[in-house]
Structures are given as structure tokens and as C-alpha cells.
Amino acid sequence: MGEFTTGILYPRKYEPKVLIALSKIEQSYFHRNVNVDWNAFFLQDEWLQTSSTVQFLLLLSKQYVPLLWFHDAEDNGWGFRLFDAGYEVSSATISYSLDVEMAEEEFGRLYPDVNLQERITDSEDVRQKYEDILDRVVRSELYRREVGKGITRIRPQSFNRITGPKQVQQLRSLFDLQLLTDVDDETGASLLYDSVDLFKEILGIEEMVWVNYAYLASGGRE
């Protein structure tokens, strides 16, 4: 089982405002120090699924408290939503399974009579056909467009209030679609799969790892 992290980060200097707001919220939460620059809180509504949770974050951000909801599911992908001055000002979703989903769909179209899930483990021919399709997919313009849909609301300049000009420029480079999806000819590697670590390094939130509301609620046993 891969990493599952989700929580809401904010610069530590806003701690008094955040603690007052949290004391009035109508759901369970945990509040933790992340490092010398960042704090985080973890709401029971981990995925911001209710309008009341989102409204709470918008109202708190209206007090000039920038809030970064961050999630990282190692097996599936990662993303964030940035709230500031009463608005959601930037967001991104990076999927790690998009290439596989597209490759499986293409395999099914080309070989409708072959059960990929059953045959891929015992047939070298099937496995090679699938890997060839996967390689074509990750180099295709269609794949780039699909990845691009997850970063259409990236606004690097929105991070100005929580980081410096150098980091804003680094974020701009990180979310360049061409660079993000470029595949190394020798290794087949892509920046896409390193993007979460680079994002955390740029913002200085490397300690935000293996933590979420359910984990804290279990006393660290789950």
C-alpha cells in the first residue's frame, strides 16, 4: 500500500487566526506543526467533499490566511487547491494512472478478443504488445492534452504570498506541460512522477508525508 497524505497547510505566522477559526468549526480536526515555516490541520472531511468545508476554508482565507489543501496518493497521483483572500486561486491534479487507463483502452480496441488482465502475466507476446502501446501512449499528443486538463487552473503567481519569486518561477517551470510529460528516451522516465517531490521541495513541505486525518484519529496505527 502506497503513501496516502492529505491535509491543509498554511504559513506558521497565521497560527493564531487559524486556531481561533478551528475552535469554532463543527467537525473534528487535528492541528500539527510541520516545520519551522509551516503548520497543517487535518479535517474529518479530508477530501473537501461538503460545501460547508469549502466555505470554511474560503472564509478563513478571507482573513488573509493562504491555505494549501494538499493530497498525495502514491499509487494514484497528487494535487492541491490553494485558497486565498476568499477565493480558490489555483489548483492542480496529477494522475499516475492516466497512461495505463489509456493504454488498456487502446489495447482493448486493437485486440478485442484478448483478456489483458488474464494474459499479461503468462504471455510474453501480450505483455510486449501492451508495453509497446503504453510507450506510444505516453509520447502521444492525446496523452499530453489529457494531462493538461489537470493543470489548466495552475496560477504560479498565486503562490506569491507564501513563497518567494524564485520559487514562483520554479513552480512555473514545474507545471510546463511539455516538460512535465517529456519522456526520457533511454529510461522511459517522466518528470510527471517526480513532480510531487519537486513541488514539496520548492515550497519546503517535505515533512508533509504519510499523514492524514484517519491516521491521526487512529493514533498512528492505520
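The model is predicted, so local features need pLDDT of at least 70 and side-chain atom pairs count only at pLDDT 80 or more, while totals for chains, interfaces and linings use all residues. Residues are numbered from 1 along each chain as its sequence is written, and side-chain values use heavy atoms, with hydrogens and water left out.

Let us begin with the whole chain. It holds 10 helices and six strands; helices (H or I, at least four residues) and strands (E, at least two) are DSSP runs, numbered from the N terminus. Along the principal axes, the C-alpha atoms fill a box of roughly 60 × 40 × 30 Å. Of the 222 residues, 45% count as buried, where buried means under 20% relative accessible area, exposed over 50%, and partly exposed in between, with a 1.4 Å probe and protein chains only. Among contacts (heavy atoms within 4.5 Å) with a separation of 6 or more, 62% come from residues 24 or more positions apart.

Now for the interior. In soluble globular proteins, nonpolar side chains tend to be buried together. A nonpolar core here is a set of buried Ala, Val, Leu, Ile, Met, Phe, Trp, Tyr and Cys residues joined through side-chain atoms within 4.5 Å. The largest such core has 45 residues, and L9, L68, W78, F80, F159, F175 and F199 have the most contacts inside it. Helix α5 (residues 124-138) supplies the largest share of this core, five residues.

Next come two helix pairs. Two packed helices are described by the angle between their axes and the distance between the axes. Here, axes are lines fitted to C-alpha atoms, for helices over the stretch in contact, and angles run from 0 to 180 degrees between N-to-C directions. Helices α3 and α5 pack at an angle of about 125 degrees, with their axes 9 Å apart. The two are therefore oblique to each other, given that angles under 35 degrees count as roughly parallel, over 145 as roughly antiparallel, 65 to 115 as roughly perpendicular and the rest as oblique. On the α3 side, the contact is made by D99, V100, M102, A103, E104, E106, F107 and L110, and on the α5 side by V126, K129, Y130, I133, L134, R136, V137 and V138. These residues divide into 11 nonpolar, no polar and five charged; Ala, Val, Leu, Ile, Met, Phe, Trp, Tyr, Cys and Pro count as nonpolar, Asp, Glu, Lys and Arg as charged, and the others, Gly among them, as polar.

The second pair is helix α7 (residues 165-174) with helix α9 (residues 195-203), whose axes come within 10 Å and cross at roughly 170 degrees. Helices α7 and α9 are therefore roughly antiparallel to each other. Q167, Q170, L171 and L174 of α7 meet S195, L198, F199, I202 and L203 of α9. By class, this contact has six nonpolar, three polar and no charged residues.

Finally, some single residues deserve a visit. Most residues other than glycine have a negative phi. L48, in the loop between β3 (38-43) and α2 (51-61), has a positive phi near 55 degrees. L48 counts as buried because its relative accessibility is 6%. Y64, in the loop between α2 and β4 (67-73), has a positive phi near 60 degrees, but Y64 counts as exposed at 55% relative accessibility.

I25 lies in the loop between α1 (15-22) and β2 (29-33), and counts as buried at 18% relative accessibility. Leaving out residues up to four places away in sequence, I25 touches L43 and F56. I25 and T53 are 28 residues apart along the chain, with their C-alpha atoms separated by 9.0 Å. T53 and G108, in turn, are 55 residues apart in sequence and 41 Å apart in space, C-alpha to C-alpha. G108 belongs to helix α3 (residues 98-110) and counts as partly exposed at 33% relative accessibility.
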